[in-house]
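Please open the model in your viewer and keep the selection tool at hand. The stops below say what to select and what to look for.

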Amino acid sequence: MLNITNIMETIRMIQDENLDIRTITMGISLLDCCDSDIDKSCEKVYDKIVTRAANLVKTGEDIEKEYGIPIINKRISVTPIAMLVASNGGDPVKYAKTLQRAAETVGVNFIGGYSALVHKGFAPGDLSLIQSIPQALAETENVCSSVNIGSTKTGINMDAVRLMGSIIRQTSELTADRQCIGAAKLVVFCNAPEDNPFMAGAFHGAGEPDCVINVGVSGPGVVRAALAKSGNCNITEIADIIKKTAFKITRMGQLVGDEASRRLGVPFGIVDLSLAPTPAIGDSVAHILEEIGLERCGGYGTTATLAMLNDAVKKGGVMASSKVGGLSGAFIPVTEDAGMINAAKLGALTIEKLEAMTAVCSVGLDMIVIPGDTPQEIISAMIADEAAIGMVNWKTTAVRVIPAIGKKEGEELNFGGLLGKGPVMHVNRYSPAKFISRGGQIPAPLQSLKN
Amino acid sequence: MRAVLTVIGKDMVGILAKVSTACAQYQANIIDVNQTVMQDLFTMVMLIDISKLNCEFSDFQDKMTEMGKGMEMDIHCMHENIFNSMHTI
């Protein structure tokens, strides 16, 4: 029989330490929904999504009940919509509304893929989709958008970078009456993964199968609790504890992914080995770093502890799953992490420190609230800096900043739910306007020449 | 199919009797029982065979949780695979 201590450990992880499956995300290819008539294309999109994902939410709930493990979100990612827009040149917002309608029918809480991949230039459909993002996100609730503007193989498309600074501002402005929530659903990527199950950046890449199940696990609370019990051990031992904990968390993700895939009759894609925080107390990545021995997240030592954490999570997780992918690493979304919110309010955590942290962990400048009067070229330059870190280090980086329209440093935006809340952070206001106005392409770095 | 039933709470007379009676009522066959006192709490873990259950597994789970509330005990019933996958390679 199973060991009683192990059984109690699992139950404690779920009940007291916020262990959960963060998301089961069904990736659906919409490449067969192209049509020269956009209305026909939209109908095909709707029909395909509601057919493929008809049982997604119910299956998720059944697994949740049977195994006693909370599955917080059931979501859908689709082929970048710009590819569909290319087939007819119609108004992309029609697709956004179709995705919204499909999301409501099947009951998922987010649908990602209102996206364009423009790291080397704009193909038909890309520009019109990007320009429609502010309106699309303002007129829908559950649609998420992402744009890939750079990669290690191609360099950085600076025309897209310039454009995205303005798009992020417009998206915030159009939803200023709703805490600028539009910008919280828009991510700008460098090296975007094609099988990411997490929002807002999920889309179903062109190299993916027709339909696939990807799983994202969570568990910062479990890691922190394991460290709290460890006493006075050295960093090597700390890394080992994190590895073992990550293994257990990931095994659960693998089990749920296998089970969901079997019940839905859809191939299992990947487990994303990410430590994804929530604003709930006890579910914070910042608190793990503080448990390791920092007074506050954001102080010196933060980058080193985060690098160790991120690495240990991967080492533990990779053996626990047959297929690993997506973003896989620790997330540092400021407004979604109680410890980061607190550190940012105290001034311990700054955007500059966050930028350094993004070089050693999973994503990038994520869920950061910036002053409402931040000029668009500064936002573009933030994107360029983050993309450069991703490009040179052969990793995914992203920017999801929210200009808090009408608010200044020290005030707060509150999105509620998983998106959380956060203070408006200080932004360096020296102007990069001339650099951004040049446009063009930052050439691919030497790192790209691996062949 | 097998499930793990855990019972946690303040120790008192008749816990095992009540839980095993309920298992018999729903045709859940008890394969193994392990009990101990952890951090002043009575803790019992049962491995049960639920392949001949006379109701849906989810109903059985609800009934057991409800019975636990009546006894001021925390009762959970989960598929055994979750423990196997987490604690064995």
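**Stop 1: a helix crossing in chain A**

Select helix α10 (residues 285-292) and helix α11 (residues 302-320) of chain A: their axes come within 10 Å and cross at roughly 105°. Axes here are lines fitted to C-alpha atoms, for helices over the stretch in contact, with angles running from 0 to 180 degrees between N-to-C directions. α10(A) is therefore roughly perpendicular to α11(A), the term for angles of 65 to 115 degrees. Show side chains for A:I288, A:L289 and A:I292 on α10(A), and for A:T302, A:T305, A:L306 and A:L309 on α11(A), which make the contact. Two residues are in contact if their C-beta atoms, placed from the backbone, lie within 7 Å. Of the residues in this contact of α10(A) with α11(A), five are nonpolar, two polar and none charged. Ala, Val, Leu, Ile, Met, Phe, Trp, Tyr, Cys and Pro count as nonpolar, Asp, Glu, Lys and Arg as charged, and the others, Gly among them, as polar.

The model is predicted: local features need pLDDT of at least 70, side-chain atom pairs count only at pLDDT 80 or more, and totals for chains, interfaces and linings use all residues. Residues are numbered from 1 along each chain as its sequence is written, while chains are lettered from A and ligands numbered from 1 in the order in which they are written. Helices (H or I, at least four residues) and strands (E, at least two) are DSSP runs, numbered from the N terminus.

**Stop 2: strand β1 of chain A**

Next, select residues 21-28 of chain A, strand β1; eight of its eight residues are buried (20 or more other C-beta atoms within 10 Å of a residue's own). What does β1(A) pair with in parallel? Seven bridges join β1(A) to strand β2 (residues 71-78), where A:G27 has A:S77 as its bridge partner. Another seven link β1(A) to β7 (residues 211-217), running antiparallel, and there A:I28 is partnered by A:C211. Strands pair if DSSP finds at least two bridges between them.

**Stop 3: strands of chain B**

Move to strand β4 (residues 73-79) of chain B, where five of seven residues are buried. Strand β1 (residues 2-9) of chain B runs antiparallel to β4(B), with seven bridges; B:V4 and B:M78 are bridge partners.

**Stop 4: where the chains touch**

Finally, display both chains: 21 residues of chain B are in contact with 18 residues of chain A. Which element of chain B gives the most to this side? α3(B) does, with six residues. The side of chain B that touches chain A divides into nine nonpolar, 11 polar and one charged.

Notes:
A residue is buried if 20 or more other C-beta atoms lie within 10 Å of its own, exposed if 12 or fewer, and partly exposed in between; C-beta atoms are placed from the backbone. Angles under 35 degrees count as roughly parallel, over 145 as roughly antiparallel, 65 to 115 as roughly perpendicular and the rest as oblique.
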